Amino acid sequence: MAVATRPGIVFDLQAAGAGGVAGGGSSGGARVGRLAAAGGGVSFDTPSFVAQTSRGAVPHLSGDNLRDHTDVRVVYVALEDFVEKSHPNVPVYNYPSTLRNFISHPPNSLLVLAPRRSPPVTTATPNTDASIAILTSVGFRALKVEDYFNAVSNLRPDIAISPPDIPHQEPGKIRRPKMVFRTELWLGELINRNTSNTPIFAPVLPLDIEQQSYYLNYLKEHISSLSGLALYDARLAVDLPHDLEGLPRLSLDEALTPHKVLQQVSWGVDVLNLSFLTQMTDAGISLIFQFPGEVGGKKEALGADLWNKEYGASLEPLAVGCKCYSCRKHHRAYVQHLLTAKEMTAWVLLQIHNAKIVSDFFTTIRESIARGTFEEDCKIFAEAYAKEFPEKTGHGPRCRLPSLNPRNAPLIRNRLRGYQFKSEGGAVKKNVKAFNKLGGDKKEALEEPETPPDIDTEELVQGGLAEISSG
Ligand SMILES: [Zn+2]
């Protein structure tokens, strides 16, 4: 159907399902297409997904594992992951080669660069006309938009998302127009300064379409300079102007379950940023769903918690019928043994498997849309599977901490780091000290209560609390 060639990106919109592009009226509706880097190299079918990275790596996977054992074709990299020093000393700004070389990323997947993680951690300070507030590994900082533009020019990612101005609180009457103004201003600057011809995805703000109609007109006028849209509210895919239909739509609106993925696909999203992939792997849960599934008596679970003792002697693969490396070579009991031993390979095997289940999920979604049965298949899936993932029960892939208190030994605590972390400005430290002074603190440790005030890791991860107090 519509083939749109933009700087660096070719997007071929091939077919649309119910209420789709061919139907007229609305720009929503599930659709299939093919997205390719213009120079050849990487290409993949949509709808598809983006794997998130932590400091440039898909968690638990080395570059060769990612290349050889997964079908991940797009990864999302946040610049804030690399800005831990004051400006002249930030290596990523001065790096003489590309982002791909900087993070040693394999050549078979596209790199999307954005200023912030997705979803971003709430910051203590607001954005300004010239900077956005970010969270680095050493606390909250301001990232000058100019520094981001320079980073895009120097690092030449496969796709750069123009910085959006999104406040951490629900914006009021005055703040909303300012969001639109700044986002348009920054996009204009990025387009003007894009000497490296990096494909640019324009952000679409989480506001009503009417509230950003001037900005959307601006996008229409500059469509030849754009390669795609980054939606911060996936529902907007339904109401986007027709002129923007040919642009691929990347959703940065978190889809928390496979059901939410289907919903976003039905709105017309092409590429989804999935965080549940790594969250489930961290929790020791192997994904076991298929699309559309079979309607039986009882609803099937979306995942199997491999910490569960019932899998202690199970020689089954992580999911029945799965053809991934982990399922071909190992079984559930082995992965449980590795989990219990806190052996990192457990999470490597789980991540390879979970990525395969998600890839297969999207493959069957595309087939379903192309067949024209997507709507019915979604109903079957809703009937066949539980609404939520199973509760997390196990420990994550974190380190052991020796306790100074003999009564508590061996004390094993999970430390929260990097992508596992959701924090907010002004919150107190959440991880216990790894080391104490031998003098005063030892006495304090000996007086620790019988049951140490344990940290509810899962609640922290979900609820969003902080450790990193800004320096
Ligand atoms: Zn598998």
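**Around H353**

I started with the neighbours of H353: S286, L287, L318, A319, C322, C324, S326 and C327 touch this residue, leaving out residues up to four places away in sequence. Contact here means heavy atoms within 4.5 Å. The model is a predicted one, where local features need pLDDT of at least 70, side-chain atom pairs count only at pLDDT 80 or more, and totals for chains, interfaces and linings use all residues. Numbering runs from 1 along each chain as its sequence is written, and side-chain values use heavy atoms, with hydrogens and water left out.

H353 is found in helix α11, residues 345-371. Helices (H or I, at least four residues) and strands (E, at least two) are DSSP runs, numbered from the N terminus. Is H353 buried or exposed? I find it buried, at 0% relative accessibility. The cut-offs are under 20% relative accessible area for buried, over 50% for exposed and partly exposed in between, with a 1.4 Å probe and protein chains only.

**The annotated site**

I looked up the UniProt record, an unreviewed entry: its "binding site" annotation covers C322, C324, C327 and H353. They are spread over 32 residues of sequence but cluster in space, with a largest C-alpha distance of 8.1 Å. Such annotations may be inferred rather than shown by experiment; positions are in the numbering used here and feature names are shortened.

C324 lies in the loop between β16 (303-305) and α9 (325-329). C324 is buried too, with a relative accessible area of 3%. Its contacts, again not counting residues up to four places away in sequence, are I352, H353 and K356.

What is the volume of the largest pocket? I get about 920 Å³. Of its 36 lining residues, P120, I166, P167, H168 and P206 are the closest to the centre. A pocket is an open set of points on a 1 Å grid over the protein atoms alone, with protein on both sides within 12 Å along at least five of seven lines; lining residues have an atom within 4 Å of a point. A volume is the space filled by probe spheres set on the points, which are joined across faces, edges and corners. α5 gives the most to this lining, with three residues.

**Whole chain**

Last, I noted 14 helices and 16 strands. Buried residues make up 52% of the 471 in the protein chain.

Note on methods. 1 Å grid on protein atoms, 1.4 Å probe; cavity = no way out; pocket = protein on both sides within 12 Å on 5 of 7 lines; lining within 4 Å.
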